[in-house]
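Visitor: I would like to learn how to read a structure like this one. Please take me through it step by step.

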Amino acid sequence: MTLLEKTIIDQARHELENLRRALLMPDGDDRISALSSSFWMLNGFTMLACLKDSGMSEDAATELHAIDRDAGQAISAAGL
């Protein structure tokens with residue numbers, strides 16, 4: 001994996017943690033803002049794994065797909 005791929009994965013993991021924290025916040029505008037921000041930031045990173053001929057290695061793409069699955073499970077568990 002290249003340094004760039006590792007950085008993208010690290011940032012995606014960071015946003016996944018932000019998303020999980022936002023899901024635990026009480027209902028309200030701050031929660032909506034935090035969820036929206038984390039969701040779209042995370043989506044920006046994980047969508048790179050879906051781009052054809054992106055130059056991303058298979059290992060990096062697999063890791064991003066796993067992070068995306070974890071995000072989906074967290075959102076589903078929160079009932080959203």
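Guide: Start with contact, which means heavy atoms within 4.5 Å. In the protein chain, 62% of the contacts with a separation of 6 or more are between residues 24 or more positions apart. Know your source too: this is a predicted model, where local features need pLDDT of at least 70, side-chain atom pairs count only at pLDDT 80 or more, and totals for chains, interfaces and linings use all residues. Residues are numbered from 1 along each chain as its sequence is written, and side-chain values use heavy atoms, with hydrogens and water left out.

Visitor: How many helices and strands does the protein chain have?

Guide: Helices (H or I, at least four residues) and strands (E, at least two) are DSSP runs, numbered from the N terminus. Here there are 3 helices and 0 strands. The pattern along the sequence is α-α-α. The C-alpha atoms fill a box of roughly 40 × 20 × 15 Å along the principal axes.

Visitor: How do I describe two packed helices?

Guide: Use the angle between their axes and the distance between the axes. Axes are lines fitted to C-alpha atoms, for helices over the stretch in contact, and angles run from 0 to 180 degrees between N-to-C directions. Take H1 (residues 3-23) and H2 (residues 29-46): their axes come within 9 Å and cross at roughly 155°. So H1 is roughly antiparallel to H2 (angles over 145 degrees; under 35 is roughly parallel, 65 to 115 roughly perpendicular, the rest oblique).

Visitor: Which residues of H1 and H2 meet?

Guide: Among them are Leu16 and Leu19 in H1, and Leu35 and Phe39 in H2. By class, this contact has 12 nonpolar, 3 polar and 2 charged residues. Ala, Val, Leu, Ile, Met, Phe, Trp, Tyr, Cys and Pro count as nonpolar, Asp, Glu, Lys and Arg as charged, and the others, Gly among them, as polar.

Visitor: At what angle do H1 and H3 pack?

Guide: About 5°, with the axes of H1 and H3 (residues 58-77) 10 Å apart. That makes H1 roughly parallel to H3. The contact includes Ile8 and Arg13 of H1, and Leu64 and Asp70 of H3. It has 12 nonpolar, no polar and 5 charged residues.

Visitor: How many residues are buried, as a percentage?

Guide: Buried means under 20% relative accessible area, exposed over 50%, partly exposed in between (1.4 Å probe, protein chains only). Buried residues make up 29% of the 80 residues. Phe39, at 35%, is partly exposed. Trp40, at 53%, is exposed.
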